[in-house]
Protein chains: 6
Amino acid sequence: MSRLTHMDESGRPVMVDVSHKAHTTRVAAAAGLVRMKPETKALAVSGEAKKGDVRAVAEIAGIMAAKKTSELIPLCHPLPISQVEVRVEPVEEGLAVAARVRTTGQTGVEMEALTAVSVACLTIYDMLKAAEKGMTIEAVRLVEKSGGASGDWRAE
Amino acid sequence: MSRLTHMDESGRPVMVDVSHKAHTTRVAAAAGLVRMKPETKALAVSGEAKKGDVRAVAEIAGIMAAKKTSELIPLCHPLPISQVEVRVEPVEEGLAVAARVRTTGQTGVEMEALTAVSVACLTIYDMLKAAEKGMTIEAVRLVEKSGGASGDWRAE
Amino acid sequence: MSRLTHMDESGRPVMVDVSHKAHTTRVAAAAGLVRMKPETKALAVSGEAKKGDVRAVAEIAGIMAAKKTSELIPLCHPLPISQVEVRVEPVEEGLAVAARVRTTGQTGVEMEALTAVSVACLTIYDMLKAAEKGMTIEAVRLVEKSGGASGDWRAE
Amino acid sequence: MSRLTHMDESGRPVMVDVSHKAHTTRVAAAAGLVRMKPETKALAVSGEAKKGDVRAVAEIAGIMAAKKTSELIPLCHPLPISQVEVRVEPVEEGLAVAARVRTTGQTGVEMEALTAVSVACLTIYDMLKAAEKGMTIEAVRLVEKSGGASGDWRAE
Amino acid sequence: MSRLTHMDESGRPVMVDVSHKAHTTRVAAAAGLVRMKPETKALAVSGEAKKGDVRAVAEIAGIMAAKKTSELIPLCHPLPISQVEVRVEPVEEGLAVAARVRTTGQTGVEMEALTAVSVACLTIYDMLKAAEKGMTIEAVRLVEKSGGASGDWRAE
Amino acid sequence: MSRLTHMDESGRPVMVDVSHKAHTTRVAAAAGLVRMKPETKALAVSGEAKKGDVRAVAEIAGIMAAKKTSELIPLCHPLPISQVEVRVEPVEEGLAVAARVRTTGQTGVEMEALTAVSVACLTIYDMLKAAEKGMTIEAVRLVEKSGGASGDWRAE
């Protein structure tokens with residue numbers, strides 16, 4: 001593993017300086033899963049869940065959360081998002097969530113994409129918990145990123 | 001699976017009425033894991049991560065996020081939290097996060113505990129992503145809840 | 001018109017004291033309208049608007065805004081909402097918005113209901129403005145309220 | 001009516017991509033009215049309303065709300081506002097509200113101007129509702145906009 | 001000095017449990033000062049400052065900040081404020097700020113009163129900094145508190 | 001004292017236009033002090049305070065508050081911060097707080113640095129108030145700024 005440069009010697013929190021970085025187009029995609037019983041998934045997909053249309057509410061919650069990322073993550077830089085898309089789709093194990101975020105700025109949008117996915121997953125849990133409390137949020141991860149000095153990256 | 005009562009016939013979003021519910025003490029505990037390489041975990045535990053002391057920052061982020069739950073989750077009721085604790089501990093696969101939330105109110109605090117865990121996990125990712133982009137957030141789940149009309153519940 | 005009691009003699013802003021008021025169930029309903037061309041309304045109802053399903057997004061935006069009322073209105077008291085419902089329906093002149101909010105607290109929820117309606121109307125405008133910039137938000141008003149010392153009230 | 005391009009085929013919410021748009025100066029002006037009885041208006045103008053100076057508080061609320069627009073409107077892009085002005089003036093039917101917002105960015109500030117007007121109107125209602133619950137918020141509309149690819153626009 | 005009880009043995013952050021505390025009326029008053037040159041004070045009092053009426057804007061900012069206290073102070077409990085008053089008055093050394101906050105709840109409102117004072121002072125600085133950058137915020141302190149298990153307290 | 005230009009003739013609040021200003025690197029440093037008894041300081045430094053590690057929590061609170069500045073200060077422009085550092089250090093009279101903020105934008109970051117210091121001071125008060133209610137926040141001030149049309153400035 002590469003040793004970290006620019007480390008703050010005292011181990012104290014710091015929002016690192018990005019003022020020297022280039023303004024480039026940066027994209028990040030993240031994904032996650034809410035694992036649930038088939039009956040619970042059926043309820044979500046049928047639109048009969050207690051609190052309304054699970055997928056639509058979760059997608060909107062994810063988009064709005066992407067805009068709140070720097071408020072939630074203490075050392076994350078605020079940045080002007082130029083696009084967010086969040087999709088909730090049924091898969092065999094439950095509901096899968098995918099998010100894609102784009103910006104033109106000095107830092108990447110990995111955290112925005114991961115935050116969108118996490119909050120969409122939490123919203124799915126909230127809307128279905130009357131039916132199944134044992135659902136789990138799993139495999140929340142970065143899928144790929146592009147742009148920025150550290151170059152492109154894609155999960156294996 | 002139990003059929004849902006009080007369902008809104010049209011499938012549209014609704015923040016359900018809780019005004020008839022009793023004000024009781026309610027507690028919820030949730031947990032999650034950020035899976036990472038041993039070298040990344042060593043970096044976190046040593047306090048040498050680029051952005052500061054990972055565990056302290058993530059614990060504070062989790063506590064603050066619990067207070068923002070009803071802002072993030074569209075149909076979640078606001079409620080006055082009377083206690084929050086978030087702990088980040090090294091385990092074999094990476095860093096484990098646990099949260100416990102307590103309130104005296106008309107709805108449970110499951111979402112507050114799960115939100116605290118999720119945001120603490122996201123913060124851990126943010127602080128260590130310079131070292132490892134492939135970390136995953138896993139097994140975010142409710143561990144137990146007590147209080148309220150639906151009674152106590154504990155994950156199997 | 002009744003002279004106002006408890007007026008702050010200096011004309012300066014004050015969040016008035018409600019600590020002596022009883023905790024009672026309070027309900028308020030508000031309504032509003034976004035006036036638009038028939039073609040624009042058709043676009044909204046068909047679900048073909050550029051940014052997605054207009055009605056679902058506006059309803060969720062209204063619910064979330066109700067929870068932010070005391071952040072937006074400077075002298076408004078924060079209070080724990082126990083229910084919110086926002087409905088967007090097509091009417092002859094465009095899209096009508098209705099909101100109903102309930103709480104058990106020391107102040108009424110008129111502002112929460114009006115804020116939910118206003119933000120739902122703004123969201124409708126946002127989602128359809130690519131089609132028609134000349135839409136207008138009209139007749140945002142309290143429809144009825146109940147509970148509290150000032151008694152019940154209903155618009156004529 | 002012009003067919004919408006770039007429509008998301010599935011009808012699901014999306015914060016549309018603006019990363020290809022030019023950074024230009026954009027201005028938007030919006031207006032609205034709170035209709036009230038002459039006695040209520042007199043109370044507002046005299047500075048004797050229960051909660052303080054109605055016009056000053058409403059103007060500040062409108063300015064602060066403009067900065068919160070992207071938090072309130074789900075699919076609205078965050079953008080750095082470079083100027084906001086909100087004015088509340090007595091007119092025959094009640095209190096008129098006007099807002100002007102300017103930015104240098106990739107999207108227009110119509111929503112910021114309309115949000116400023118709406119929240120200023122809501123604040124006026126809040127400060128005067130002890131005197132008249134039947135006030136209505138009317139004619140909230142875009143007055144003009146300039147800048148951006150879609151060109152200038154002015155209400156007829 | 002009294003040894004602290006209930007201390008978290010590990011030195012980690014915790015929002016302490018208040019669920020066993022009584023719901024009582026609690027009041028806190030705080031004060032502060034922005035020290036400035038006589039010419040700057042004259043500018044503020046005359047209403048000729050660049051950004052508008054300094055005192056009115058600072059008072060409103062203080063009231064709104066009181067409602068945001070638990071968002072700003074990590075381990076502070078959210079609580080429903082029932083009254084806030086903030087006053088800015090000219091004194092010999094500059095502008096003095098005083099705040100009084102009241103609630104019926106399980107924790108005191110010292111932090112709400114101090115936050116209101118601090119943000120009102122910051123707002124005064126912001127509105128006058130074009131005239132004098134060397135102003136200082138001084139003597140921000142609790143003046144008195146009443147209610148709660150720890151009893152009444154008054155600064156000497 | 002220099003007469004203020006661009007003054008709004010009516011004395012009403014305005015977020016002044018900065019759209020003509022250059023995008024330059026701007027830095028501001030601010031400082032403050034929480035005065036306390038030696039025993040209280042000892043408690044803070046030993047890590048034995050009731051709510052956790054005072055210095056780490058206050059530093060994080062200060063960083064997060066810098067990002068909220070334009071939400072708290074009514075006429076302050078939002079701007080994308082590129083770096084924040086907050087340090088809490090023991091000094092003879094208590095705990096000293098220093099903040100440094102950097103941006104590339106059209107307005108300075110004086111308010112961001114002062115807000116970071118103020119909220120860090122409030123957090124210190126919150127975490128130690130169980131031990132000493134009479135602590136005072138003092139000498140919150142701008143230390144230096146650079147960048148922007150008004151040039152560099154340094155406190156005497």
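At 7% relative accessibility, A:His77 counts as buried (under 20% relative accessible area; over 50% would be exposed, in between partly exposed; 1.4 Å probe, protein chains only). This is a predicted model, where local features need pLDDT of at least 70 and side-chain atom pairs 80 or more, while totals for chains, interfaces and linings use all residues. Side-chain values use heavy atoms, with hydrogens and water left out; residues are numbered from 1 along each chain as its sequence is written, and chains are lettered from A and ligands numbered from 1 in the order written.

A:His77 sits in the loop between helix 3 (69–72) and strand 2 (81–91) of chain A (DSSP runs numbered from the N terminus: helices are H or I with at least four residues, strands E with at least two). Leaving out residues up to four places away in sequence, A:His77 has contacts that include A:Met15, A:Glu112, F:Ile81 and F:Ser82, contact being heavy atoms within 4.5 Å.

UniProt, in an unreviewed entry, lists A:Leu75, A:Cys76, A:His77, A:Met111 and A:Glu112 under "binding site"; positions follow the numbering used here, feature names are shortened, and annotations may be inferred rather than shown by experiment. They span 38 residues in sequence, but no two of their C-alpha atoms are more than 12.9 Å apart, so they gather at one spot. A:Met111, in helix 4 (residues 110–128) of chain A, is buried too, with 2% relative accessible area. Beyond its neighbours within four places in sequence, A:Met111 reaches over to chain B, touching B:Leu122 and B:Tyr125 among others.
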